[in-house]
Amino acid sequence: MFNCASSPDSNMKEAGIRMFTSVPGVFGNRQNENLDIIKRMLLSALLPNEPETLRMQAVKAVGAFILLHDKEPAIQKHFSEVLLPLMQVVVQSIEKADDDSALKVLIELAETAPKFLRPQVEAIFQVCIKVIADVDAESNWRQLALETLVTLCETAPAMVRKVVPNAVQALTPLVLEMMCELDDEPDWSLQDDAADDDNEENYVAAESALDRMCCGLGGKIMLGLIVGQVPVMLNSEDWKKRHAALMAVSSAGEGCHKQMEQMLDQVVSAVLNYLTDPHPRVRYAACNAVGQMSTDFAPIFEKKFHDKVVPGLLLVLEDNANPRVQAHAAAALVNFSEDCPKPILTQYLGPLMSKLEAILTAKFKELVERGTKLVLEQIVTTIASVADTVEKDFVEYYDRLMPCLKYIIANATTDELKMLRGKTIECVSLIGLAVGEEKFIADASEIMDLLLKTHTEGEQLPADDPQTSYLISAWSRICRIMGKKFAQYLPMVMEPVMRTAAMKPEVALLDNDDLETIEGDLDWHFVTLGEQQNFGIKTAGLEDKASACDMLVCYARELKEAFAEYAEDVVKLMVPMLKFYFHDNVRTAAAESLPYLLECARIRGPQYIQGMWAYILPELLKAIDSEPEQEVQVELLNSLAKCIELLGAGCLSDEMMAEVLRILNKLLTEHFERATERRQKRADEDYDEVVEEQLADEDNEDIYGLSRVADVLHALMSAYHESFFPHLDSLLPHLVQLLAPGRPYADRQWAICIFDDVIEFGGPACVKYQDIFLEPMLNGLREAEPEVRQAAAYGCGVLAQFGGPQFAAACARAVPLLAALIAEPASRSVENLNATENAISAVTKIIKYNHSQINRDEIIRHWLTWLPVTEDTEEAPHVYSLLCELAASGHEALATPDAPQRVIATLAEAFLRDAVPNDNPVFAQMVALVRQIQGNAEMFNSCLMQLSNEHKEALKVALST
């Protein structure tokens, strides 16, 4: 390779560089001593007097080498002098406009190693902005130049904000202008098959670019630049400018969320005017903006603007002359009703449904006469989402709609109507779920028969049939409606669901020439592996596979032992899919299914379960250990915790216990490492407040991960009690570190929660850890964050209940701290209420179980003034149980003349707020106490006098339970 690369013959030289491009890691462990030689080789190949093909090859070689070392800033820095000659080649290739591979290398570098490009960022923006601004340049070049800059905005937003803020100001108006590059198509609004065939168009690339810039750079920079242009564009005579302005509003919502929320009133009133614009494509764009804002700003948008949005969209729904616009208004209504609070949507149910029913009837007629179906497909979905939100209130429309919908399912059997049939199936099942079993059960078997016909008549559905996913989801909803009665259909539905869940995706290895022939195919997704190889996976069908897996979770959860005979086959299918890395949702569903499947199989006896668990556990642990995505890993941990809780003590052999602890140890180590990485990012040269927002999001993800580790420890503690302590000791250094005063409050919160479990499940034996947990727990009662106070208060309660007499002094120390927490002026505000109720419950438990070192009667008098407790249904029974005991024993604090009134008022509030579930034994004690007071009719009536009507009603209901 070196001989070739240093040959005077440029063809030989190019061959050497090509070899290096294919295997940039060729030097292996001898690379460091050869770094200078590699650099000289690349620099000499990039010299201006070398042939163009050699210089192009050298650009690819630099790309391959830097991408190989994307996580090694020292090597990138060492090669920074290669960057200027590389940029010269890129610029020349842009001027010649024949070979775009150098620009594509630049995009790859921007994606994977943006910091490497830092010294040339200004030049990159300058060159690319020039290309984007040249409306006569080829679209491909303009889109690649735009992709380069947008990628930098996504991968290195802080660097872009710091180094080239002016370039962003120049780029944004160009993107908005590119969004105006639409063609006039006279029949656009009449097209019935509105597939997105415009994906290659400049305006689509520009809309996507604006969205990505907003998400990358944030609203502080972007919203001002967009708002500066949009009003002028909205007032333009040119419909394309009005269209682009409205699409810009759609694109900005996600990335500029915080800033846009503050000016939502102005934005919404501006956008709504254009629902009646003379040009159909502008009306379409206005519907698009309304739909997008309904999602981005839910539920504030729905609460504030429903009185203008719903009538506005209903008006566009009358646009029969322009079906595409009409359908898009119906689509915007889907977004609106999905996130709309039920009481708000119910206000419009009459006019909304009469309009939707009228269109359904008219479009059904059109389908029969003319074969047009676009609006009909959409209306069916809109009806479904309205039903989903208003639930039982939909009953009055059920009988009018169901015959038409059933007719479509029975008769829309041709290929071009498959999507309509699929959406109608979805609609019927969502309506069933909304109105409930009583109303739906009369149609259930007829509808199931219609749906099963699809699979049993003739051959199976092809893998890419649009009906598959709708069918599978509908069966799941019908299973939820019918519960165990659904078991009768399992023999028919399991085969297609299992087949879809077991689907193996098509994969392919292609070289660049093959790739070009199918690059535009939206069904394939490609990853480049080196210069000539591309790995492709066919994504069509992956979503169906994921829904089928979700479905199996639903069957196992809802049907329990009725699903037992399928549990084994489903486990054999699910366990290998814990490592199905092509689709996150498949792995998540596989994890979620495992505890439900173990529960289903219980009916087959302990030996059977042990065999199943022995198959699941090693694979589940391997999956947790190697899972690349944090949000999937937390679901895997959740699954492990639920399985251990279900199976109880003895479910882990010594070997498996050691493996669980090794993984928890690794996860806690990574938790601390990520916190350190974030501290380093806060010291980075490009650090700014937008980076801080991102880091705060990462903090939150990490906290969620930590909470899942705590869940696994909770499960182990609840299963093994104090015999888990020797294993817990291996994690102690981490737990001590989490409790350290300088750690973020969430670390302390979760560490206290873990020790709460140690106390609750370990009982008096927890004394061996008191030097670690006691002071942090008592100090936690004084902390600023309610989450820490709640964890600490709960801990004081379990210490009193389970810690034994050795903790009497600690309980006595806790009482004044708990009382101070409860007495705080804002202790009953929404954010503090849980901590306060946990503190009241902790004092309850101290009075009840561990009162040897307190003045019990004195504290009971205070305690009575803190009632009622209504929010925390787990702690409320402890509180009301004590109240009933004190009343039954005739405690002096309840012997005062006004005591019965206070007790009845407290209990009425507890009943009204469902503080204690009515199947809890304490509920019966509370009712008995009311009856005891009711025995003195005169006194009872005077107690009722002071109650509101709803409190009286709550008492009456409780007494009749």
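Predicted model: local features only at pLDDT ≥ 70, side-chain atom pairs only at ≥ 80, totals over all residues.

Q: Good to know. How do H21 and H22 pack?
A: Helix H21 covers residues 349-370 and helix H22 covers residues 374-390. Their axes are 9 Å apart, at an angle of about 150°. An angle over 145 degrees counts as roughly antiparallel, and H21 and H22 are therefore roughly antiparallel to each other.

Q: And is the crossing of H21 and H22 left-handed or right-handed?
A: The crossing of H21 and H22 is left-handed.

Q: Which residues of H21 and H22 meet there?
A: On the H21 side they include Leu 349, Leu 352, Met 353, Leu 356 and Lys 363. Among their partners in H22 are Val 375, Leu 376, Ile 379 and Thr 382. The contact of H21 with H22 divides into 15 nonpolar residues, 1 polar and 1 charged.

Q: Nice. What about H40 and H41, at what angle do they pack?
A: H40 (residues 786-802) and H41 (residues 808-823) pack at about 145°, and their axes are 11 Å apart. H40 passes H41 in a left-handed crossing.

Q: Who makes that contact between H40 and H41?
A: From H40 you have Arg 789, Ala 793, Cys 796, Leu 799 and Ala 800. H41 brings Ala 810, Cys 811, Ala 814, Leu 818 and Leu 821. By type, the residues of the contact of H40 with H41 are 9 nonpolar, no polar and 1 charged.

Q: Switching to cysteines: how many disulfides does the structure have?
A: A search of the whole structure finds 0 disulfides.

Q: How far from Cys 214 is the nearest cysteine sulfur?
A: That sulfur belongs to Cys 256 and is 3.7 Å away. A disulfide needs two cysteine sulfur atoms within 2.5 Å, and Cys 214 is in no disulfide. Cys 214 is also buried, with a relative accessible area of 0%.

Q: OK, some single residues now. Where does Pro 764 lie?
A: Pro 764 is in the loop between helix H38 (745-762) and helix H39 (770-780). Its relative accessibility is 47%, so Pro 764 counts as partly exposed.

Q: What is Pro 764 in contact with, leaving aside neighbours within four places in sequence?
A: With those set aside, Pro 764 is in contact with Phe 802, Gly 803 and Gln 806. Phe 802 falls in H40, residues 786-802.

Q: And His 951, is that one buried or exposed?
A: His 951 is buried, with a relative accessible area of 16%. His 951 lies in helix H48, residues 949-959. Apart from neighbours within four places in sequence, His 951 is in contact with Ala 908, Glu 909 and Leu 912.

Q: Last one: where does Gln 120 lie?
A: Gln 120 lies in the loop between helix H7 (101-112) and helix H8 (121-133). At 14% relative accessibility, Gln 120 counts as buried, since the limit for buried is under 20%. Beyond its neighbours within four places in sequence, Gln 120 is in contact with Leu 83, Leu 84 and Met 87.

Terms used: Residues numbered from 1 in each chain as written. Heavy atoms only, no water. Axes fitted to C-alpha atoms, helices over the stretch in contact; angles between N-to-C directions. Helix = DSSP H or I, 4+ residues; strand = E, 2+ residues; numbered from the N terminus. Parallel < 35°, antiparallel > 145°, perpendicular 65-115°, else oblique. Left-handed = near helix turned anticlockwise from the far one by under 90°. Contact = heavy atoms within 4.5 Å. Nonpolar A, V, L, I, M, F, W, Y, C, P; charged D, E, K, R; others polar. Buried < 20%, exposed > 50% of the residue type's maximum accessible area, 1.4 Å probe, protein only.
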